[in-house]
Amino acid sequence: MAIQNPNPWGPPYGGPPPVPPGIPAQDLRPRRVWYVVAAVLGLVLMGAGIALIAVTVVDSVNSVDTSRSFAAGASRTFRFEKGKTKAIYVSQSGQGHVDCRILGMRSGSMTQPSSTFRVTAGSRSWERVFEVKPGSTGDYTLACTAEQPGAEFALGDKPRVATMVGGILGGIGFFLAGFFGAVAIVIVTAVRRSRHRKRLTAGWGPPPQWGAPPSGPAPWPPAGPAH
């Protein structure tokens, strides 16, 4: 029969470290719905930016009436309104001298702009070469010639460069605001939820220990001859 000596140290002290309780995700703040808000906000703003850029580009392309273009050496009749500036565009394979005349228009002006403006529609690139400010309203014939073979001419609206640049910059601004705004909301939400989890975990205390720590000298057997 084995005799088991009592533990001279008393009852065990402490034990394995307590495991923090699991905290449900829905109890953390801010709520996870902010991730959805970030995604929706980002998509809306970036979509608005892309749409604004696309509309600006389309408006610029549509400012040239390519459906009524005519070849160099030919002519075409257009409607002109007094005080409404129109632009003449040319599409040619290279640089070359061009010349245009408006038959029958007795008042008004035709000037060559100091800046370059070019748009691409389909497979052709159209460059503004003249601006016409009619002095009277009516139907007039536009006749143009060019050095480059295969050149074509078209009438269009005077380009609004400031509006076009503003539209493109505004679209880029919307896109960047949507992207960085969504990223910022996600980061802030994740950081605050992590801090809230730590606060809840820190507020949970371990249960009282059921043993007493050892104290005093160890109760070893008295010194004496070994048997």
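The following paragraphs lead through a predicted model of one protein chain, from its overall pattern to its individual contacts. Because the model is predicted, local features need pLDDT of at least 70 and side-chain atom pairs count only at pLDDT 80 or more, while totals for chains, interfaces and linings use all residues. Residues are numbered from 1 along each chain as its sequence is written, and side-chain values use heavy atoms, with hydrogens and water left out.

The protein chain contains two helices and nine strands; these elements are DSSP runs, helices being H or I with at least four residues and strands E with at least two, numbered from the N terminus. Along the sequence their order is α-β-β-β-β-β-β-β-β-β-α. Of the 227 residues in the protein chain, 24% are buried. Here buried means under 20% relative accessible area, exposed means over 50%, and partly exposed lies in between (1.4 Å probe, protein chains only).

The structure holds one disulfide, a term for a pair of cysteine sulfur atoms within 2.5 Å. Its partners are cysteine 100 and cysteine 144, with sulfur atoms 2.1 Å apart. The link is right-handed, with 115° about the S-S bond.

Charged side chains supply another set of contacts. A salt bridge is a side-chain nitrogen of Lys or Arg within 4 Å of a carboxyl oxygen of Asp or Glu, and by this rule there are four salt bridges. One of them joins lysine 86 and aspartate 157, whose closest N and O atoms are 2.9 Å apart. Because lysine 86 lies in strand S3 (residues 86–91) and aspartate 157 in strand S9 (residues 152–157), this pair ties together parts that are 71 residues apart in sequence. Lysine 86 is buried at 13% relative accessibility, whereas aspartate 157 is partly exposed at 33%.

Another salt bridge brings together the side chains of glutamate 127 and arginine 118, at 3.3 Å from N to O. Glutamate 127 is buried, with a relative accessible area of 17%, while arginine 118 is partly exposed at 44%. Glutamate 131 and arginine 128 also form a salt bridge, their closest N and O atoms being 2.7 Å apart. In this pair glutamate 131 is buried at 14%, and arginine 128 is buried at 7%.

The aromatic rings come next. A pair of aromatic rings is described by the distance of the centres and the angle of the planes. Rings of Phe, Tyr and Trp (its six-membered ring) pair if their centres lie within 6.5 Å; planes under 30 degrees apart count as stacked, over 60 as edge-to-face and the rest as tilted. By this rule there are four aromatic pairs. Among them is the tilted pair of phenylalanine 70 and phenylalanine 78, at 6.3 Å centre to centre and 45° between the planes. Phenylalanine 70 is buried, with 6% relative accessible area, and phenylalanine 78 is buried at 4%. Another pair, phenylalanine 179 with phenylalanine 180, is edge-to-face, at 5.2 Å between centres and 80° between planes. Here phenylalanine 179 is partly exposed at 41%, and phenylalanine 180 is exposed at 53%. Ring pairs also link Phe70, Phe78 and Phe153 into a cluster.

Phe179 and Phe180 also belong to a nonpolar surface patch of about 1000 Å², whose other members include Ile50, Val161, Leu169, Phe175 and Val191. Such patches are made of residues with over 30% relative accessible area and no salt bridge, like charges being joined within 9 Å and nonpolar side chains (Val, Leu, Ile, Met, Phe, Trp, Tyr) within 5 Å. Accessible areas come from the Shrake-Rupley method with a 1.4 Å probe; for residues, only the protein chains shown count as cover. Helix H2 (residues 161–202) gives the largest share of the nonpolar patch, 11 residues. Valine 183, a member of the patch, is placed in helix H2 and is partly exposed at 34% relative accessibility.
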